[in-house]
Structure formats: C-alpha cells, structure tokens
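Hi everyone, thanks for coming along.

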Amino acid sequence: MPLGTATSRRRTTADLTRRPLPTGTPAPERQWPSSYVHEEISMNKGADATKATGDNSDHDGKHDVKKAGRFMLKLSGEAFSGGGGLGVDPDVVHAIAREIAAVVRDGAEVAVVIGGGNFFRGAELQVRGMDRARSDYMGMLGTVMNCLALQDFLEKEGIDSRVQTAITMAQVAEPYIPLRAVRHLEKGRVVIFGAGMGMPYFSTDTTAAQRALEIQAEALLMGKNGVDGVYDSDPKANPDAVKFDALEYGEVLARDLKVADATAITLCRDNALPILVFELLAEGNIARAVKGEKIGTLVSDEGTRA
Ligand SMILES: Nc1ncnc2c1ncn2[C@@H]1O[C@H](COP(=O)(O)OP(=O)(O)O)[C@@H](O)[C@H]1O
Ligand SMILES: O=c1ccn([C@@H]2O[C@H](COP(=O)(O)OP(=O)(O)O)[C@@H](O)[C@H]2O)c(=O)[nH]1
C-alpha cells in the first residue's frame with residue numbers, strides 16, 4: 001500500500017504576523033548533534049547480531065558496538081487507523097513497522113511511544129460527559145492495543161521487540177522497568193512503551209519526552225498524522241499557515257502552538273532534548289528523521305527559522 005505523501009504548505013517569513021522572527025540564525029548541518037555515523041553503525045549488526053549471540057558484549061562483557069544513536073519515536077495514534085477513524089489499519093501499521101525495522105537493521109536503537117487518538121482521548125470523552133480520570137484510563141488502555149499491533153508487525157519483519165506498560169498487565173506486556181528497557185535497546189530490540197505514564201491528565205507526547213530522557217535518547221522524533229511540521233497556526237484550520245524549519249522551545253510555548261502539549265515541550269526545554277516534528281506517513285521519513293536529514297520542524301534551543 002503506498003504511504004501518503006506530505007504536501008508542503010510552505011509560505012514565506014513575510015506571512016508571519018504574530019511576532020517577528022529572529023534573523024540570521026544559521027542552519028545547522030544536521031538536525032541535531034547526533035553521534036549517528038553510518039560507517040560506524042555497520043559494526044553494529046543490530047537485531048540480526050543479537051539473535052545470533054544473544055548479546056552485543058565482547059568476552060570482557062564490554063560493548064563492542066559503537067554508539068549508533070538512540071531515538072525515541074513518538075507515533076501518532078490517529079495515523080494507525082489509516083483514515084483518521086477508529087481502530088487499527090494493519091496495512092498502515094505494517095508499513096510503519098517496515099520503516100522502523102529498516103533503521104534498526106542499520107544499527108539505530110529505537111524506542112517507541114504510540115498515541116491512542118485512534119481509540120479514545122480522555123479530554124474528548126470528558127466533553128461528552130464522562131469522568132476525566134476514567135476516560136484518561138480508557139485512553140491509556142487504547143495505546144496498549146496500538147503497541148501490540150506494532151509489535152506483531154515488527155516480529156513479522158524479523159525485529160525483536162518488547163512492550164513495557166506503565167499499567168501492569170503481566171499477561172500482555174512487561175512492566176515499565178527503565179534499565180531493562182535500556183538493556184533491550186542495547187540488544188537491538190525495539191522497546192514499545194504503552195499506557196502512557198500510567199496517570200490521568202498526561203499525554204503520550206509527555207510520556208515520549210519523559211521516557212526519551214530516562215533512556216537517554218538523543219532526540220524525540222514526533223511522527224504526526226497529516227502535518228509535516230510545526231506551523232504558526234493549525235494548518236488544517238488555516239490554509240495560509242506558515243511552516244517553521246526550526247523553532248525554539250520558548251517560541252512554541254509563547255505562540256501556544258498546539259502540535260505537542262506544553263508539558264512535553266517544557267520537559268524537553270528544561271533538559272535540552274531536541275524534538276523533530278515530521279509527517280509520519282510519508283515513505284522513508286522515519287529513516288530520514290533518524291539520519292538527521294532536514295525534514296519537518298526541529299524544536300530545540302538552536303534558533304527559530306521559517
Ligand atoms: N501550530 C501547529 N502546527 C502544526 N499542526 C498543528 C498546529 N496547531 C494544531 N495543529 C494540529 O495538530 C495536529 C497534530 O496533533 P495531534 O492530533 O495531537 O497529533 P497526532 O497526529 O499525534 O494525533 C495536526 O493534524 C494539526 O491539525
Ligand atoms: O500518560 C498518559 C498518556 C495518555 N493518557 C490518555 O490517553 C489518551 C491518548 O493519548 P494521546 O491523546 O496522547 O494520543 P495521540 O493524540 O498522540 O494519538 C489521552 O488523550 C489521555 O486520555 C493519559 O491519561 N495519560
């Protein structure tokens with residue numbers, strides 16, 4: 001199934017009305033100062049190697065694998081449904097799994113948080129009269145179904161994975177144990193974090209930021225559904241919205257840009273974790289994001305560019 005392509009709605013800086021942009025900020029060579037070097041990672045045989053040896057350690061127990069880059073990938077739950085409706089479209093999940101498998105085979109360590117927007121969003125159920133905390137728990141449980149779907153298709157691609165949930169469900173997944181998650185990653189397994197933070201009033205964006213920090217990922221890659229970056233206003237509502245190439249954390253907060261929630265942005269700002277917002281369903285975009293190619297919008301402390 002062909003993946004959807006992102007259409008550019010890029011306009012010029014002159015279209016920006018709310019606040020003038022800082023000028024003269026040079027574009028970085030890479031999206032972030034990544035240790036990801038393709039020649040080096042060929043030494044890391046990724047999932048294949050760990051299948052054969054069960055470990056990436058040498059005889060002394062030290063790692064013989066050069067650091068290939070560890071990334072937190074936040075996947076839009078809505079994207080999992082295909083057309084933005086309810087449930088999971090297996091073709092879409094398989095396509096995403098293929099892309100993740102390719103970067104893992106290339107040596108990247110990948111952890112994943114998936115949203116639950118294709119099942120329930122607590123805030124939306126609250127508007128319809130439900131208790132917020134209870135509907136948030138429904139939302140968290142929804143994310144676990146997405147995790148299992150992704151795990152299934154990763155296995156079909158020959159990539160080992162583990163689901164770890166913040167709400168214990170021993171028959172379905174491991175509990176969230178950060179050091180164990182890191183060990184899985186080092187062994188070339190994809191770790192999929194389910195059930196958000198396990199707490200109502202939080203989001204999967206915030207979960208992705210927190211888990212990224214805890215596992216020491218070098219960037220948070222936010223794959224969005226139907227939008228190819230951060231705009232000065234919601235591009236679905238405003239066809240004249242202007243896309244940013246780069247944004248400072250503070251700009252996202254000051255302009256109240258809704259592409260990720262403020263708690264997640266604040267957490268990343270306070271810990272200098274770069275966020276790349278990109279269109280998830282454009283073919284090859286996950287690999288481009290991992291390689292640090294200039295796609296989407298980079299949210300960091302390195303300046304704002306439209
Ligand atoms: N400033 C903005 N820039 C980009 N997208 C925005 C912005 N404000 C609101 N949006 C909307 O946010 C949506 C993506 O956020 P959300 O629905 O939370 O993500 P997900 O795809 O992870 O479910 C986009 O589809 C877009 O319509
Ligand atoms: O730590 C968390 C993570 C998620 N949720 C609930 O799970 C839903 C689905 O997650 P999210 O809206 O972040 O999914 P996305 O929009 O990214 O698909 C949220 O609306 C919340 O109701 C929560 O309560 N706590």
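Let me start with a question: does Thr 204 count as buried or exposed? Thr 204 counts as buried, because it has 31 C-beta neighbours inside 10 Å. Here, buried means 20 or more other C-beta atoms within 10 Å of the residue's own, exposed means 12 or fewer, and partly exposed is in between, with C-beta atoms placed from the backbone.

Before going on, a word on what you are looking at. This is a predicted model, where local features need pLDDT of at least 70 and side-chain atom pairs count only at pLDDT 80 or more, while totals for chains, interfaces and linings use all residues. Residues are numbered from 1 along each chain as its sequence is written, and chains are lettered from A and ligands numbered from 1 in the order in which they are written.

Back to Thr 204, which sits in helix H8. Helices (H or I, at least four residues) and strands (E, at least two) are DSSP runs, numbered from the N terminus. Setting aside neighbours within four places in sequence, Thr 204 has contacts that include Lys 74, Val 113, Thr 143 and Gly 196; contact means that the two C-beta atoms, placed from the backbone, lie within 7 Å.

The unreviewed entry places a "binding site" at Gly 116, Asp 136, Met 197, Gly 198, Met 199, Pro 200, Tyr 201, Phe 202, Ser 203 and Thr 204. These positions span 89 residues in sequence, yet no two of their C-alpha atoms are more than 14.1 Å apart, so they gather at one spot. UniProt positions are given in the numbering used here, feature names are shortened, and annotations may be inferred rather than shown by experiment. Met 199, from that list, is in the loop between strand S5 (190-194) and H8, and is partly exposed, with 15 other C-beta atoms within 10 Å.

Now for the ligands. What comes nearest to ligand 2? Of the 22 residues around ligand 2, the nearest are Gly 115, Gly 117, Gly 122, Gly 139 and Gly 196; near means that a residue's C-beta atom, placed from the backbone, lies within 6 Å. Helices H3 (77-80), H5 (122-127), H6 (132-156) and H8 (204-214) each give two or more residues to this shell, and H6 gives the most, with four.

Around ligand 1 there are 18 residues, and Ser 76, Asn 225, Asp 234, Lys 236 and Lys 258 come nearest. Take two of them. Ser 76 lies in the loop between strand S1 (70-75) and H3, while Asn 225 lies in the loop between strands S6 (219-224) and S7 (246-248). Ser 76 counts as buried, with 24 C-beta neighbours inside 10 Å, and so does Asn 225, with 21. Ser 76 and Asn 225 touch one another, and Asn 225 is also in contact with Glu 78 and Ala 79, among others.

Last stop: helix H10. Its residues 262-270 include Ala 262, which is partly exposed, with 16 other C-beta atoms within 10 Å. The buried residues of H10 are Ala 264, Ile 265, Leu 267, Cys 268 and Arg 269, and they pack against H8, S6, helix H9 (249-254) and strand S8 (275-279). That brings us back to H8, where we began.
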